[in-house]
Amino acid sequence: MTVRPAYHALSAHHGKVGGALLRDLFAEDPRRGERFAAEAAGLYLDYSKQRVTGETLRLLAALARECGLNERIEAMFRGERINLTEGRAVLHVALRAPREARIVVDGRDVVPDVHATLDRMARFAAAVRDGAWRGHTGKPVRAVVNLGIGGSDLGPAMAYDALRHYATRDIGFRFVSNVDGTDLAEAVRDLDPETTLFVVSSKTFTTVETLTNARTARAWLVGRLRDDAAVGRHFVAVSTNAAEVEKFGIDTENMFGFWDWVGGRYSMDSAIGLSTMIAIGPEAFRAMLGGFHAMDEHFRSAPFERNLPALHALLCVWNANFLGAHSLAVLPYDQYLRRFPAYLQQLSMESNGKRVTRGGAEVGHETAQILWGEPGTNGQHSFFQLLHQGTRLVPCDFLGFCTSLNPLPEHHDLLMANLFAQGEALAFGKGEAEVRAEGVGEALVPHKTFPGNRPSNTILAEKLTPAVLGSLVAFYEHSVFTQGVIWDVNSFDQYGVELGKVLATRIHAELRAESEPRLAHDSSTNALIRRYRNRIF
């Protein structure tokens, strides 16, 4: 990135406008709020409160072109192996392609396979929802427990919460990911094994945390129903490892697969979304896929200057690499999206939290921002103090919906008033003169002054529907991809999670050894292991 002519132009440009005040930018352009906005696929993006000018955007778009973004977008949609380190295509866009589309990987059109899986999922989901699928003792399913971790948990859990308004209320849904036994124990504590269905989501069916939870869930079920054959009616698998699935006791007819060109954090619209489909039904699930596809088509075709995911990504690059903002707060003003920031954490930080380029050289610039957030208005009574008056610059994404799914009197107008007010307050603040004009004593003036000039985006949609959720997720997926292209990192591997897993396997054996093991870790880790083994307190 830093060797590109557009980057040097941006550096020079930053020297001229880096200290610009949003107050001045809005005063110079009375129509800025309308002009610095774009709309597509059911989303409206207002980026007028970013510290940019038209020239900033022109130079950022030039940087994207110089980094080959157009070519990389087309390579992804064509199914080329852009995940270089793992030699894989990156084709989550195929998961929501319409039946008539054609996407070829290694000489095979993958779209028919995608829809065949979706059709199988739909038949199974319908059978569970209408009671045709019965448990071992003949009772219908009344609880679904998704066992997964990472993308096999964060996506389905987020989607269920986000779309709970559309979900059946005849069946309860729970999501277990943590290997901490408390997670599973609390999930099943009040469940009836005769009416509980477990969805084990693990592509390889070897993921340690998921399989540990699955084996414990199996023991819980068999221990109460007293028949190993019960497993076949109470467990289904989302996996590609038929041998291990069958060994576990699951009929492979009840195994739903996906492909190596689907990354875990991009898989919520694959078979990993089986629990989501059971919850909201096949029709709503397909509507969600339609929202994904609408944003895919927009991203692929729109010029960067009006391309929502590209604009968002370019603004993130500007904030991170030129304004020195090391984090991004995502603040959904909708309780249904309470898990959305956690979902985006994996999407962004696992994708772009890299220190070497695609070619293996050490990067010479910042990469992924730290992403975090909470629903409004809760966050306003938690960490907004830092956003408004702290010493760190934290750009914000505000997410809101014009129509509430639960229109209680006064609530939604008050919620949206807070959303709009926070963006305004962050942008324009309150100067010392304004504080004094309110009659505030001089000693309190510094404490009640708001510097403002804190950048934010506001993303609005009419209502949180399955289609809008799909569009919103795809918006962030493609933004993350664009940022990775500009930073020249591979957004589709995650080797950074492996070292800890390897060490944990070794330490696990040492913790369970019958005799005192010979430890060869550092002195701190050795002491901690000994204290744990001997319960020294």
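How much space lies in the second largest cavity? The views below show a predicted model, in which local features need pLDDT of at least 70, side-chain atom pairs count only at pLDDT 80 or more, and totals for chains, interfaces and linings use all residues. Residues are numbered from 1 along each chain as its sequence is written, and side-chain values use heavy atoms, with hydrogens and water left out.

**View A. The second largest cavity holds about 40 Å³ of space.** A cavity is a set of points on a 1 Å grid over the protein atoms alone where a 1.4 Å probe fits but cannot get out, and lining residues have an atom within 4 Å of a point. The lining includes Leu95, Met121, Trp259 and Asp269. By class, six lining residues are nonpolar, two polar and one charged (Asp, Glu, Lys and Arg count as charged; Ala, Val, Leu, Ile, Met, Phe, Trp, Tyr, Cys and Pro as nonpolar; the others, Gly among them, as polar).

**View B. The largest cavity has a volume of about 90 Å³.** Among its lining residues are His312, Leu344, Gln369 and Tyr476. Helix α20 (466-487) supplies the largest share, four residues; helices are DSSP runs (H or I, at least four residues), numbered from the N terminus. The lining comprises seven nonpolar, five polar and no charged residues.

**View C. Helices α6 (residues 111-130) and α13 (residues 282-301) pack at an angle of about 150°, with axes 10 Å apart.** Axes are lines fitted to C-alpha atoms over the stretch in contact, and angles run from 0 to 180 degrees between N-to-C directions. In α6, His115, Leu118 and Met121 are among the residues that meet α13, whose partners include Phe285 and Arg286; contact means heavy atoms within 4.5 Å.

Definitions and conventions
On a 1 Å grid over the protein atoms alone, a cavity is a set of points where a 1.4 Å probe fits but cannot get out, and a pocket is an open set with protein on both sides within 12 Å along at least five of seven lines; lining residues have an atom within 4 Å of a point. Grid points are joined across faces, edges and corners, and a volume is the space filled by probe spheres set on the points. Helices (H or I, at least four residues) and strands (E, at least two) are DSSP runs, numbered from the N terminus.
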